[in-house]
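Subject: Structure for you to look at

Hi,

Here is the structure I promised to pass on, with my notes on what turned up in it. Please open it alongside this email and follow along.

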Amino acid sequence: MSARTPLTAIAASAVSAAVTAGALVAPAAAAPAHPHGPSGGRHAGTQRAMDAAVEDGVPGVTGQVKDAHGTWNGTSGIGDLTTARPRGPRDHYRIGSVTKTFVATVMLQLVGEGRLDLDDTVDHWLPGLVRGNGHDGRRVTVRQLLNHTSGIYDYYADDDFAASFRLRDGFFEHRYDTWRPEQLVAVAMRHEPTSSEPGKTWHYSDTNYILAGMILEKITGHSYADEVRERIIEPLGLRETSAPRTGPALPRPGSRAYSKLSDDSTGPSYDVTEFNPSAAWTSGGMISDSADLNRFDEALLGGRLLPARQLAEMMTTVPMSAEHPEAARYGLGIAERKLTCGRKVWGHHGGILGSTTESVTTEDGRHSLSFNFNADWTGDSDAVIEAEFCGPGTRPGTKPGTKPGTKPGTKPGTEAGGND
């Protein structure tokens, strides 16, 4: 799961998808047709970057920009390879690790209410749970969970877990299995920590946010889904946002989601739209759409969800890469990225089986971009962000080897059991 955004309707050329041994073989991408014209106005570069992702093999893209000039929706490509239905501006999709920003917001609200301290240890709330192979919850703080400096091993990096969920045979056998949070933590405890000293280095770990979710529920006595709904979704009117516990379906409207279920990006594509999201839970299990994500980012960075002190804590960052310390930095459930033109945006990447999401905004929350690829093996999401915030023709520059929400050694969109 991870640390991996626009009113033009796209009339896609009809395509045929062959169904072979359960695989959907994607046709060659057709040049997108734009009934309202190809320019996109102020967002022409963003539209071109979306179209380029489709040309690179992403079946379809949907996104929205919200800024001082209003709202722009952009789409490109196909939402369903079987029916050739195009992607729509109101598509729901799995947001992967963007979930972490919602969870961190609730945790910081609890801090503001005096019910939690960021320097509380994990063991204070979950005694004895984080133990084994060098892990010790008595030495790890809540702050270190939220900014990924705990050193706790990422359960998704466990080979057996990954094989049971992300690879073809395991996915089709286990896609509807339910995972309990304690089971996910136990997977991580089979391994040594990624750092010998908590707080010393940044290393992305979905286990951190599984533990955060467990602490949240221990404090409140309610499910994390209920807390997110009552504290964020309902006050902001995010009618298209949900936090399913085990339900495998996506709400309508929505596109299908596709994965190679393999490290071979040239193989067949499989429809992975439906699966039990408990394998991601508070590290990446939520569903939303582009409009709701922009509304959330605007409210969060605009100071409507957190007191000033807690928002400052959220935006206090650590470098995600020693080689490029200023290129990308991670706060508490949110990342700061420096673009090639010098502008900075805040937000989160979300990758999960069949879905790659980006949701970013300026520091004042007044210019937001959220978008989704219905694929997890290809497509340059950075190019879309660069085009929107830096102008046409820009391309991503040197950056750390991991994005917010992407684990080292994995492609964007293949995080946390496919549901980050």
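A residue is called buried here when its relative accessible area is under 20%. By that cut-off, helix α12 is mostly covered, with 10 of its 10 residues buried. Please keep in mind that this is a predicted model.

Let me begin with confidence. The protein chain has an average pLDDT of 87, and 84% of the residues score at least 70. Residues 2-22 have a pLDDT below 50, and this stretch makes 105 contacts in the model beyond near neighbours in sequence. The pLDDT is also below 50 over residues 25-39, a stretch with 30 contacts in the model beyond near neighbours in sequence.

Now back to α12. The buried residues in this helix are Ser381, Asp382, Ala383, Val384, Ile385, Glu386, Ala387, Glu388, Phe389 and Cys390. What covers them? The cover over the buried residues of α12 includes α1 (44-55), β3, β14, β15, β16 (355-361) and β17. Both ends of the helix have a detail to look at. At the start of α12, the backbone nitrogen of Asp382 has a side-chain oxygen of Asp380 within 3.2 Å. Just after the helix, Gly391 adopts a positive phi of about 105°.

Cys390 brings us to the disulfide. The structure holds one, and Cys390 forms this disulfide with Cys341, the two sulfur atoms being 2.0 Å apart. The pair ties together distant parts of the chain, 49 residues apart: Cys341 sits in the loop between β14 (335-338) and β15 (344-352), while Cys390 belongs to α12 (residues 381-390). Why is the disulfide left-handed? The torsion about the S-S bond of Cys341 and Cys390 is about -65°, so the disulfide has that hand.

Next come the strands, starting with β3, which is among the elements covering α12. Strand β3 (residues 60-67) is itself mostly covered, as seven of its eight residues are buried. Which strands does β3 pair with? One of its partners is β4 (residues 70-80), joined to β3 by eight bridges and running antiparallel. Another is β17 (residues 368-373), also antiparallel, with six bridges to β3. Lys66 is opposite Thr71 in β4, and Val61 has Phe373 in β17 as its bridge partner. Between β3 and β4 there are two residues, and the two strands form a hairpin.

From there you can follow the chain along β4, where nine of the 11 residues are buried. Strand β4 goes on to pair with β5 (residues 85-86) in the antiparallel sense, over two bridges. In this pairing, Asp80 stands opposite Arg85 of β5. The hairpin of β4 and β5 has four residues between the strands, and within this hairpin Ala84 takes a positive phi near 65°.

Happy browsing, and do write back with any questions.

Best wishes

Conventions:
Residues numbered from 1 in each chain as written. Predicted model: local features only at pLDDT ≥ 70, side-chain atom pairs only at ≥ 80, totals over all residues. Heavy atoms only, no water. Disulfide = S-S within 2.5 Å. Buried < 20%, exposed > 50% of the residue type's maximum accessible area, 1.4 Å probe, protein only. Pairing = 2+ DSSP bridges. Contact = heavy atoms within 4.5 Å. Polar contact = N/O pair within 3.5 Å; in protein donor to acceptor, adjacent residues only side chain to side chain. pLDDT = per-residue confidence, 0-100.
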